[in-house]
Amino acid sequence: MGYEFNGHWNNYSAAPYVAAWRRLESFIARNATTRARVALVWDMSCDAVAAHGDHIDPAPFFPGDSFVDWWGVNVFNKDPNGLYDSRPNATCVLDFVRRAAEQSFPVLIAESLPRFVAGVTAANAWETWFTPFFQTLLSQPAVQGFSYIDRDCSTDSAAKSHCVGGQWGDARLEGPSFRGHTTSNESVTSRYVKTLQSAKFVHSCSLQCIEAKIV
């Protein structure tokens, strides 16, 4: 809850943010069964920078060990103007994962997609974004889950309005004829499915179920 707490676009202040978080956690904790089934994710964005160009310090926003279950970070790409870097192998992302591990918190990659690389349509999309995503970021022991945004933000008018001005590109990982669409880079999709066949990934359904949904 309170995703991207350090994002200047949210205008959060540290003290009231922490107070609100603790209040909500205490409300959920009134029922022990509910609290045991709810994981509270403290999610940061490496896209967030202060007016002087430095990353906003996440420490003042931390609600406390007993109020947080997971740390989360959103993974996208490097700003074309060089103001921030949220690539899978960016220093900001990996440092956050390292700090979570030092404090024994599991990490959720709460949002991810290859923004600014024309999504999955670029010829080097796999090497540029997916290779460091799987081989560098997801290989960190603290990273225990990820969420990928399967969305076309280039031409789909319904989705474009939710993609920061439509600048995210086409990030769909789908088969050649999925729901009436045509995927621009089937090679990325096939590599993605093959990578998920690794025994280190745990799925909510069988791999055959996932493949059925994709293709």
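Mentor: Helices and strands here are DSSP runs, numbered from the N terminus. Keep in mind that the model is predicted.

Trainee: OK. Where is Ala-123 found, then?

Mentor: Ala-123 sits in the loop between β3 (107-112) and α4 (125-137).

Trainee: Is Ala-123 buried or exposed?

Mentor: Exposed: the relative accessible area of Ala-123 is 82%, and the cut-off for that class is over 50%.

Trainee: Which other residues of α6 are buried?

Mentor: Thr-189, Tyr-192 and Val-193 are buried as well.

Trainee: Changing topic. How many disulfides does the structure hold?

Mentor: There is 1 disulfide. Cys-46 and Cys-92 form it, and their sulfur atoms are 2.1 Å apart.

Trainee: Which parts of the chain does that pair link?

Mentor: Distant ones, 46 residues apart. Cys-46 lies in the loop between β1 (41-45) and β2 (70-75), while Cys-92 is in helix α3 (residues 91-102).

Trainee: Is the link of Cys-46 and Cys-92 left-handed or right-handed?

Mentor: Left-handed, with -90° about the S-S bond.

Trainee: And why does Cys-92 count as buried?

Mentor: Its relative accessibility is 16%, and buried means under 20%. Cys-46 is at 0%, so Cys-46 counts as buried too.

Methods
Residues numbered from 1 in each chain as written. Predicted model: local features only at pLDDT ≥ 70, side-chain atom pairs only at ≥ 80, totals over all residues. Heavy atoms only, no water. Disulfide = S-S within 2.5 Å. Helix = DSSP H or I, 4+ residues; strand = E, 2+ residues; numbered from the N terminus. Buried < 20%, exposed > 50% of the residue type's maximum accessible area, 1.4 Å probe, protein only.
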